[in-house]
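Hi,

Here is the structure I promised to pass on. Have a look at it first, and then read my notes below.

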Amino acid sequence: MNRYVEKYRDLVDFLADFLGDDTEVVLHDMTDLDSSVVAIRNGHISGRKIGAPATDLVLKIIKSKKGSDQNFLANYKGTSKSGAALKSATYFIRDDKGQIVGTMCINMNIDKFMQFKTHLDRFIGFDDDREKANPVSENLSLSAAELTLDSINKVVRALGIPPARMDQNEKLKIVNELNEMGIFLIKGAVSQVASELKASEATIYRYLGKLKKNGIE
C-alpha cells in the first residue's frame, strides 16, 4: 500500500464504527486504478471488496485534473450496483508534490430517507433544485471490466444510437467522451471499447491518436 495512503488505514474502521452499518467507508490507492480498493468497511452497501477498481468519478478527476485545487468533494449523489441511492463524499490523499495518490470515500445509503423525502415533497408540493445545482455523481462498480462497460453503456445511451448503426464520427464522439471520463486509464479498456463499438482495437487507437493530435488528451 502506498505510504501516504497507509496513514489513513485506521480511519476506515474509526469512521465505519462511528457512522454505522448504513455507511460504507473505502480507502483507495491510486497507484493501481484497476484494483484500487485497499480497505473497506460495510462493503454490503456497494457489493465491493478489496481489489475493486476506482470509480468513474475518480477516473474523471484524475484525467481532467479538476481535483488539483480541491481537497475533497462532499454531499454528491452516488449509486450502488443494486441501484441504492447514496450520499457520498471523497477526500483526496496527496503526496509531497501535491499529486492525488489515494482517496478516502464515504457512501451513506439514504434510500429510506429518499422514500420519506418523496412522500414529503408530494405533500408540500415544492420543486427541489438542489440536485441541478450539484450535478456530481458516481457509480460504484465491482470490477474494472464492469466499470468500463457501465461507462460505455452510459455514453451510448446518451447518444441514442446502437453501435452497429454508428458512423465513424459518432464512434469518435463516443471514444472522446470515454477518454474525457478517464476510462482508458483502465487496463484492457481499449479492447472492451472496441468490442462494444463493433470496431477493431487498431481503430480505437487511431481515434485516440486523432484526439491527442487535436489537443484532446
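Where does Asn-42 lie? Asn-42 lies in the loop between β2 and α3; here helices (H or I, at least four residues) and strands (E, at least two) are DSSP runs, numbered from the N terminus. Before I go on, the housekeeping: this is a predicted model, where local features need pLDDT of at least 70, side-chain atom pairs count only at pLDDT 80 or more, and totals for chains, interfaces and linings use all residues. Residues are numbered from 1 along each chain as its sequence is written, and side-chain values use heavy atoms, with hydrogens and water left out.

At 12% relative accessibility, Asn-42 counts as buried (buried means under 20% relative accessible area, exposed over 50%, partly exposed in between, with a 1.4 Å probe and protein chains only). Ser-46 has its place in that loop too, between β2 (37-41) and α3 (56-64). Ser-46 is buried, at a relative accessible area of 5%. Contact means heavy atoms within 4.5 Å. Setting aside neighbours within four places in sequence, Ser-46 is in contact with Glu-24, Ser-80, Lys-81, Leu-140 and Leu-142.

Asn-75 is another one to check: its phi is near 60°, positive in a residue other than glycine, and Asn-75 is found in strand β3 (residues 72-79). Asn-75 also turns up among the contacts of Ala-89, which, leaving aside neighbours within four places in sequence, touches Leu-73, Ala-74, Asn-75, Tyr-76, Met-104, Cys-105 and Ile-106. Ala-89 sits in strand β4 (residues 85-94) and is partly exposed, with a relative accessible area of 22%. For a sense of scale, the C-alpha atoms of Ala-89 and Thr-203 are separated by 37 Å, with the two residues 114 apart along the chain.

**Helix α2**

In helix α2 (residues 9-19), Val-12, Leu-15 and Ala-16 are buried. They cover an arc of only 100° around the axis, which puts them on the same side of α2 (the arc is that of the directions from the helix axis to the C-beta atoms). An α-helix has 3.6 residues a turn, so residues three or four places apart point the same way. The buried residues of α2 pack against β1 (23-29), β2 and β5 (100-109). On the other side of α2, Asp-10, Phe-14, Asp-17 and Phe-18 are exposed. Just after α2 comes Gly-20, with a positive phi of about 95°.

**Helix α9**

What is buried in α9? Thr-203, Ile-204, Tyr-207, Leu-208 and Leu-211 are. They cover an arc of only 140° around the axis, so they are on the same side of α9. Those buried residues pack against α7 (168-180) and α8 (189-196). The face turned away from the buried side carries the exposed residues Ala-202, Tyr-205, Lys-212 and Lys-213. The length of α9 (residues 201-213) checks out as well: its 13 residues should span 18 Å at 1.5 Å a residue, and its end C-alpha atoms are 18 Å apart, which agrees. The expected span of a helix is 1.5 Å times one less than its number of residues.

α6 has 16 residues and reaches 23 Å from its first C-alpha to its last, close to the 22 Å expected at 1.5 Å a residue. Its buried residues include Leu-147, Ser-151, Ile-152 and Val-155, and what covers the buried residues of α6 includes α3, α7 and α8. Asn-153, also in α6, is partly exposed, with a relative accessible area of 31%. α6 is followed by Gly-160, whose phi is positive, near 80°.

A search of the whole structure finds 1 cavity of 30 Å³ or more. On a 1 Å grid over the protein atoms alone, a cavity is a set of points where a 1.4 Å probe fits but cannot get out, and lining residues have an atom within 4 Å of a point. Grid points are joined across faces, edges and corners, and a volume is the space filled by probe spheres set on the points. About 30 Å³ of space lies in the largest cavity, and the residues that line it are Asp-56, Asn-139, Leu-147, Asp-150, Ser-151, Lys-154 and Met-181. Helix α6 (residues 144-159) gives the largest share of that lining, 4 residues.

Cheers

How values were computed: On a 1 Å grid over the protein atoms alone, a cavity is a set of points where a 1.4 Å probe fits but cannot get out, and a pocket is an open set with protein on both sides within 12 Å along at least five of seven lines; lining residues have an atom within 4 Å of a point.
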